[in-house]
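Me: I want to learn how to read a ligand's surroundings. Can we work through one model together?

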Amino acid sequence: MQPTDIRDPNYFHKVVDCQWACPAHTPVPEYIRLIAQERYTEAYMINWESNVFPGILGRTCDRPCEPACRRVRTEEKPVAICRLKRVAADHKGDITPYLPKVPKKKNGKRIALLGAGPASLAVARDLLPLGYTIDMFDRDPGGGGMMRSQIPAFRLPKDVLEEEVDLIVNMGVNARYNYEISSMKEMLDMDYDAYFVGTGAPRGRDLDLPGRKEVSKHISIGIDWLSSVAFGHTTSISGKVIVMGGGNTAMDCCRTSNRLGAECVTVVVRSAFDVMKASDWEKEDAMAEGIPILNNRPPKEFVHENGKLKGVVFGRVKPIEADGRLKYVPTGEPDVFIEANHILMAIGQENHCPWIERDLGIEFDKWDCPVIDEDSLQSTHEKIFFGGDSAFGPENIIWASAHAHKAAISIHLFCQGKDPKHDRPPEAVNLISQKMGIHEWSYDAEHDPSQRHIVPHADLKRSLDNIKVEVELGFDEDLGFKEAQRCLNCDVQTVFTEKLCIECDACVDICPMDCITFTPNAPEAELRTALTAPAETLDQDLYVSETLPTNRVMVKDEDLCLHCGLCAERCPTNAWDMQKSIIHIPQLSSYAE
Amino acid sequence: MTFVPKPKARHPLLKTNEIGLTRRDYEAIVSTLCAGCGHDSVSAAVIQACHELSIPPHQFAKVSGIGCSSKTPSYFLGNAHGFNSVHGRMPSIATGAYLANKELKYIGISGDGDSASIGLGQFAHIIRRKVDMCYIVDNNGTYGLTKGQFSATNDRGSTSKRGVPNLYAPIDLVSLAIQLGASFVARSFSGDKQQLIPLIKAAVLHKGFAFIDVISPCVMFNNHEGSTKSYTHVRNHTEPVIDASLIMPRDEITVEYEEGTTISVPMHDGSELQLRKLSDSYEPNDRVSALTYVQQAQEEGEIATGLLFLEEDAVNCHDILGTSDTPFNGLEQESLCPGVEKLEQINDSLR
Ligand SMILES: Cc1cc2nc3c(=O)[nH]c(=O)nc-3n(C[C@H](O)[C@H](O)[C@H](O)COP(=O)(O)OP(=O)(O)OC[C@H]3O[C@@H](n4cnc5c(N)ncnc54)[C@H](O)[C@@H]3O)c2cc1C
Ligand SMILES: Cc1ncc(C[n+]2csc(CCOP(=O)(O)OP(=O)(O)O)c2C)c(N)n1
Ligand code: SF4
Ligand code: SF4
Ligand code: SF4
Ligand SMILES: [Mg+2]
């Protein structure tokens, strides 16, 4: 193998599994260390910089970081990264001194943000400190998009939402609420310097089955129903409710129904339990509230008597694996009929923009999605950028933030006459030694073997009685500290300097995870089997040195390293050092000063 | 010295041996020796060897004298028996323990100071007495623990850290061991585990006194230019003469060597020791020629390594004395202390 180029910012970035997996590349271990030091405000600001909505995300994030967490591989359960974010938000002090200054004098450029969801808000936050004039349009009566209209209050209390939305709006956004955008052409006629389309994926899918038309007044589209609950138009639901679908919307629909007076609620899913789109914790929470989830039941027909819904007939299938993919085949058992008075349809959303005229130079592909450059998020119309759910279909809040940072840079480059794709600032990495003394590191290197701590919940009856009662109580400071200690500090890197190594083997002998091997060089596939312990996680890199005096190379398998620093501690020559990698992900804030 | 304990977490694919233990089960507390000390590599080799032998840790007894090397039994086989004796006196303790219980596997760890200076007399006599054990000297040419005085194995002309040359000729423990009748004599290097681990395995299984001289650099006081026991010097001057590998009964033989170059020695537990000659003229079963070879190499400034002398089916201490096969701790009070009458009888028989 070629020696590893550790100056490539991606190399050590990948080692920080959580940060690499986070769409906004939040420096997770850095904020977790601050939480352990009770420096909540700073921990919050690190999050705010990267993901814009720490309080909201600390409760609702899809947390792609957690399955990626190294602890899943070294032990079992990931660090509760998401809930630690909430700890920072819950316990922070006054953040105003840390906020970016928005200049009184504008820079003369006007930007229109279409939609006031997290994507648009995050673009506004990035652009305002550079003096842009920001006009934001939304049909809803307030900002926040689906964070306001969809995510129920028992998961995301209104005050938490409003605090973080208002913070941005009050930086100087001209918000035009209750504004239905019905024509892109009209918007273009307002002659803004650039447009950001952040209108989300607001159309819920429907299912055309026999009986659908006849029972339409007993069927609601999940997201429409949730928003009418959020805005107070719907306050109750009665009788037996079937929620159709297996995603997070289905979970929110069933738990909301449970709180609004449904006699009984059943979730029926076409596919198998394990492959449901809903996150594991959403499923667990729904089931903990006593809601049954029936799997492998594709719906066949809505049964009614003169337009009065009686129930739904479902077929029975079983999943079989063919060519690595799941296929569903009928089991041959008789169909099942499930009684229902109301159906909530939660089977997906589309990023559908009927109000964008198709003759404005904005190209759409064969799935009716806008054609967008992935690096710049620029559409085929140079002034128009997309982000959030409107760009590539429904995702989540953290992706909306990540897109927003990208789009904000693009808009800034575009407004300066630069190329949003090719003039983007590069990523970079800084390495800072953490050595403080012979056996002293400036991070808590010692490995903490404790199990993941569980977030306490509110009393079940109390939360089912009132939709506004937040189910999760969050970690208190003590539990937060304990959970923070589980972090392995994956951003404190093992850095190897060949010319110092005397090949004494001390590091090999001490490493608890058998990460390090000195061996003759070979192609990667061969090396992976020639190490002290086999390196079977192929997406985890091998760190390979230059050839050493004995004609061998040092190979470190990054996969299971605990970042415990023992190799560096036992190395007599400092050939190993523990160095903190700071990954610079370009953001507009770095232009603001 | 390291203050952080070694985490218990381990690689999930770590091999288990025949009795279901991983290498980690053969470890002990974290070493307090200087980082990079060769002795730590020897400990790691002992750990690996004992794990591969699939012998439970509690069936070992570790004995040592005084010195950095003699401290190391604390850092391996945490669940074994052990006795850290006084300077140069490990052989007495080992002999006593062995007489009391021949069922344990004895691993002695000593230093060049411990065995070649203060303990030279004891070293000679434990060999003479043929105690069945694996006796390892971590040979760094210096008194590491007392901060770097020349030891008796330090080569003439080899310099101290400050550049002062040693004025005396060295004692070669390998030559002594061959001459005094040891039945298994080897030399290796702490930086070459591939060679060292099979030697330790074979030495543990060997019935009789097995001696391994392991050159083990002292990073603190004897790893400089001018030293003949530094990592660099040893790497550049070793001459492996016999390559030993131990084939356990369950192992598949994967490499076939050219006829005539390998000698295969059956071990008492059913495994097989394969000796591969790397030098044509070498005769590992002939005491005189082995001794000559080793000393010739030394004259030329080379360090002959490998399994240098082997005599299987050697008699041991218990055979010679006709002492009890049952460990003392397994004997009834009656046979341990047969009473006044019996004593009288014995006394009478000697009158
Ligand atoms: C039930 C449900 C629960 C969810 N739970 C989570 C969760 O727990 N965690 C998570 O990360 N994500 C969750 N999501 C997804 C998340 O809400 C979205 O991915 C995210 O809000 C997308 O942000 P956005 O800014 O792209 O668009 P949106 O948040 O959808 O905002 C778009 C805005 O544009 C406005 N708009 C659209 N068209 C027009 C128009 N023509 N005129 C005027 N205004 C218009 C809308 O009113 C809306 O305010 C959930 C989604 C649903 C449906
Ligand atoms: C009876 C006695 N004399 C002297 C000492 C001091 N002393 C301690 S260790 C040592 C030499 C150790 O050298 P070596 O056996 O080579 O061990 P190393 O530290 O080099 O591994 C000496 C002289 C002692 N502890 N006891
Ligand atoms: S930090 Fe060093 S000793 Fe610790 S697990 Fe990683 S490679 Fe091994
Ligand atoms: S401990 Fe240091 S000097 Fe020794 S082998 Fe490892 S990196 Fe090299
Ligand atoms: S003084 Fe020398 S022998 Fe003793 S621990 Fe340090 S390096 Fe090893
Ligand atoms: Mg010594």
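Me: Which domains of chain A supply the shell around ligand 1?
Reply: Keep in mind that this model is predicted. To place a shell, ask which parts of the chain reach it. Here domain 1 (102-202 + 351-415) and domain 2 (206-346) of chain A each give at least three residues to the shell around ligand 1.

Me: Which residues come nearest to ligand 1?
Reply: Being near means having a heavy atom within 4 Å. There are 32 residues around ligand 1, and A:Thr60, A:Asp138, A:Met146, A:Arg155 and A:Asp389 come nearest.

Me: What lies 2.9 Å from an oxygen atom of ligand 1?
Reply: For polar contacts, look at N and O atoms within 3.5 Å. A backbone N or O atom of A:Met146 sits 2.9 Å from a ligand 1 oxygen. A:Ile181 also uses a backbone N or O atom, 2.9 Å from a nitrogen atom of ligand 1. At A:Asn396, a polar backbone atom is 3.3 Å from an oxygen of ligand 1.

Me: How much of ligand 1 does the protein bury?
Reply: Compare the ligand alone with the ligand in place. Alone, ligand 1 exposes 1000 Å², and the protein buries 96% of that.

Me: How many charged residues are in the shells around ligand 1 and ligand 5?
Reply: Sort each shell by class. Around ligand 1 there are eight charged, twelve polar and twelve nonpolar residues. Around ligand 5 there are eight nonpolar, three polar and no charged ones. Residues surrounding ligand 5 include B:Cys34, B:Cys37, B:Asn140 and B:Phe221.

Terms used:
Residues numbered from 1 in each chain as written. Chains lettered and ligands numbered in written order. Predicted model: local features only at pLDDT ≥ 70, side-chain atom pairs only at ≥ 80, totals over all residues. Heavy atoms only, no water. Polar contact = N/O pair within 3.5 Å; in protein donor to acceptor, adjacent residues only side chain to side chain. Areas by Shrake-Rupley, 256 points an atom, 1.4 Å probe, with all protein chains shown as cover. Nonpolar A, V, L, I, M, F, W, Y, C, P; charged D, E, K, R; others polar. Domains from an automatic or database assignment.
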